[in-house]
Amino acid sequence: MAKKAAVQKKKATKKPAEVAEVLSSEVAYQGPLFRVTRDRIVEPDGNEGTREVVRHNGSVVILAIDSSKSKKDPWVVIERQYRHAAGQYLWELPAGKLDAGEEPLTGAQRELEEETGYRAKKWKLLIEYWASPGFLGESMKLYLAEGLIAGEAHPEEDEKIDFRLVKLSELLKKIAKGEIKDGKTLVGTMLYARKLKKK
């Protein structure tokens, strides 16, 4: 009797699942950059349904900082490029997708050099976040790159990038005016500005 009560108590204290149970998954679309899966799942709360998810290797974002002239108001490397999905040119932090099996830091270093020519002496992971977790299975790792060394950019053939250095204070003004509409740039700039203010 006591053994049965102990088993019941153990069942009662069992933690609920933290991830969904995947009942079935099929590839609805496969392209060179991502694939879309159609998953039939049971969520941790017991809700059953079908979810279409864009699957991606993940991306890196680089907040490249030049604080050689001012530590309180450093220069930030930003890029302007046309984004077809948004239907407009956007100002953004340098970023790019990871190759299959690529280490995120290696990818961040590669992307910064390819797109801007800059290399950095010091690298630090600031945060990892999900850009749009309702349907996009892509995490973004945001790196702080400091001690910049200028070089020659060599973007991919389909990348037409105009980059420049802007003071952090100016970038924050652009954000306040609604001129920066790219999510990773908003996240990176405002997180860094907050950390800088606490120093």
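Strand β3 (48–55) is the top contributor to the lining of the second largest pocket, giving 4 residues. The model is a predicted one, so to speak of its local features takes pLDDT of at least 70, while side-chain atom pairs count only at pLDDT 80 or more, and totals for chains, interfaces and linings use all residues. Residues are numbered from 1 along each chain as its sequence is written, and side-chain values use heavy atoms, leaving out hydrogens and water.

Back to that second largest pocket: about 350 Å³ of space lies in it. A pocket is an open set of points on a 1 Å grid over the protein atoms alone, where a 1.4 Å probe fits, with protein on both sides within 12 Å along at least five of seven lines; lining residues have an atom within 4 Å of a point. Grid points are joined across faces, edges and corners, and the volume is the space filled by probe spheres set on them. The lining has 16 residues, and Ile-41, Arg-51, Val-53, Arg-55 and Pro-133 sit closest to the centre. Besides β3, both β2 (35–42) and β9 (136–137) supply at least two lining residues each. By class, the lining splits into 9 nonpolar, 2 polar and 5 charged residues, where Ala, Val, Leu, Ile, Met, Phe, Trp, Tyr, Cys and Pro count as nonpolar, Asp, Glu, Lys and Arg as charged, and the others, Gly among them, as polar.

The largest pocket holds about 1200 Å³ of space. Its lining runs to 36 residues, with Leu-33, His-56, Arg-83, Glu-92 and Lys-184 closest to the centre. Two or more lining residues come from each of β5 (75–83), β6 (88–92), β7 (95–97), α2 (104–116) and α4 (183–198). Charged residues number 15 in this lining, alongside 14 nonpolar and 7 polar ones.

Then there is strand β4 (residues 59–66), largely enclosed by the rest of the structure because 7 of its 8 residues are buried, that is, under 20% relative accessible area with a 1.4 Å probe and protein chains only. Strands pair if DSSP finds at least two bridges between them. With β10 (residues 139–149), β4 pairs in the parallel sense over 7 bridges, and Ile-65 has Glu-146 as its bridge partner there. β7 runs antiparallel to β4, joined by 3 bridges, with Ser-59 partnered by Lys-97. The pairing of β4 with β5 is also antiparallel, over 2 bridges, and Asp-66 meets Trp-75 as its bridge partner.

Conventions:
Buried means under 20% relative accessible area, exposed over 50%, partly exposed in between (1.4 Å probe, protein chains only).
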